[in-house]
Amino acid sequence: MRLGVLDVGSNTVHLLVVDAHPGARPLPAHSHKAELRLAQLLDEAGAIGPDGVEQLIAVVHGALQAAEDKGVEELLPFATSAVREATNADEVLTRVHEETGVALQVLSGAEEARLTFLAARRWFGWSAGKLLVLDIGGGSLEIAYGIDEEPDAAVSLPLGAGRLTAGWLPGDPPDPDDIRALRRHVRAQIARTVGEFTRFGAPDHVVATSKTFRQLARIGGAARSADGLYVQRDLKRESLEAWVPRLAGMTTAERCELPGVSEGRANQLLAGALVAEGAMDLFGVETLEVCPWALREGVILRKLDHMPT
């Protein structure tokens, strides 16, 4: 059957259309994206303002039209941290449902981490052993660890690249004092959770998902996305540590000139790099591998697991 996953994230609203059936890998058929940056549309009270709600409704309408055009039989709509943490989340969800007919399922941070872990496990298989999976979104950082398809530990921290950029790095380029303050904040947050994972022992394989990690790997010399899904892409901590001060001295426009860095994400790249560097350092990771599958694929796989064969 043809499934559509509608992901209302902190940066983008992304419709992924796949051809799927139980026991087979989902095959991508179409991708429809709209940059909305909900995490940056929150007002001082933490609510999504009227303009943001109207934009969200319009984008969901557009995604529904794209799903219809591509013959989607069933839509799996969900929202992550920007909607989850908005003080008016219930009102927003009600408005979206009334205006579009779409009932967004709000995933908890732990659910995000577990579903992303499932996708990475299916991609790499059992031979990868104990996996540590890191995912930097627009609103949150997810960390999961385990040897099975259900992780032994899974946490979500409010360390998304969009959230941190909006809250901590107003300058372009950012002020060095702001960067140092953000670096301390990021590392303190991550350090609180390290013990929850290290008690299970060292991972056999460390994996990262998300556009932030893909871009950091690309500027560090990894293969282009055009080279295909099956090319191994690694990110080395040594490379990342060399790039962080360079990114800190760049304007957004200058970051846009880097290979693989999109205009819409360039302003968030430094915050994302500080989170990635902090996580790799505190977890003792020298090299990680970028996984092509992430949360959306995890949602699809979970759906397929519960379908009759």
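Colleague: Does T116 count as buried or exposed?

Modeller: This is a predicted model: local features need pLDDT of at least 70, side-chain atom pairs count only at pLDDT 80 or more, and totals for chains, interfaces and linings use all residues. Residues are numbered from 1 along each chain as its sequence is written; side-chain values use heavy atoms, with hydrogens and water left out. Buried means under 20% relative accessible area, exposed over 50%, partly exposed in between (1.4 Å probe, protein chains only). T116 has 3% relative accessibility, so T116 counts as buried.

Colleague: Which residue's backbone oxygen does the side chain of T116 reach?

Modeller: T116 sits in helix α4, residues 109-124. Helices (H or I, at least four residues) and strands (E, at least two) are DSSP runs, numbered from the N terminus. At 2.8 Å, the side chain of T116 reaches the backbone oxygen of E112.

Colleague: Which residues does T116 touch, not counting those up to four places away in sequence?

Modeller: Contact means heavy atoms within 4.5 Å. Leaving out residues up to four places away in sequence, T116 touches V133, D135, T209, A294 and L295.

Colleague: What covers the buried residues of α11?

Modeller: Helix α11 covers residues 295-305. Its buried residues are L295, E297, G298, V299, I300, L301 and L304. Their cover includes β1 (2-8), β2 (12-19), β4 (74-79) and α4.

Colleague: How many disulfides does the structure hold?

Modeller: A disulfide is a pair of cysteine sulfur atoms within 2.5 Å. C291 is buried at 1% relative accessibility, whereas C256 is partly exposed at 24%. The number of disulfides in the structure is zero.

Colleague: The rings of W123 and Y230 form what kind of pair?

Modeller: The structure holds four aromatic pairs. Rings of Phe, Tyr and Trp (its six-membered ring) pair if their centres lie within 6.5 Å; planes under 30 degrees apart count as stacked, over 60 as edge-to-face and the rest as tilted. For W123 and Y230 the centres are 5.5 Å apart and the planes at 10 degrees, so the pair is stacked.

Colleague: How many residues apart are W123 and Y230?

Modeller: W123 is in helix α4, and Y230 is in the loop between α7 (211-219) and β10 (234-236). The pair links distant parts of the chain, and its separation is 107 residues.

Colleague: What share of the 309 residues is buried?

Modeller: The protein has 11 helices and 11 strands. Its C-alpha trace spans about 45 × 45 × 35 Å along the principal axes. Of the 309 residues, the buried share is 52%.

Definitions and conventions: Polar contact = N/O pair within 3.5 Å; in protein donor to acceptor, adjacent residues only side chain to side chain.
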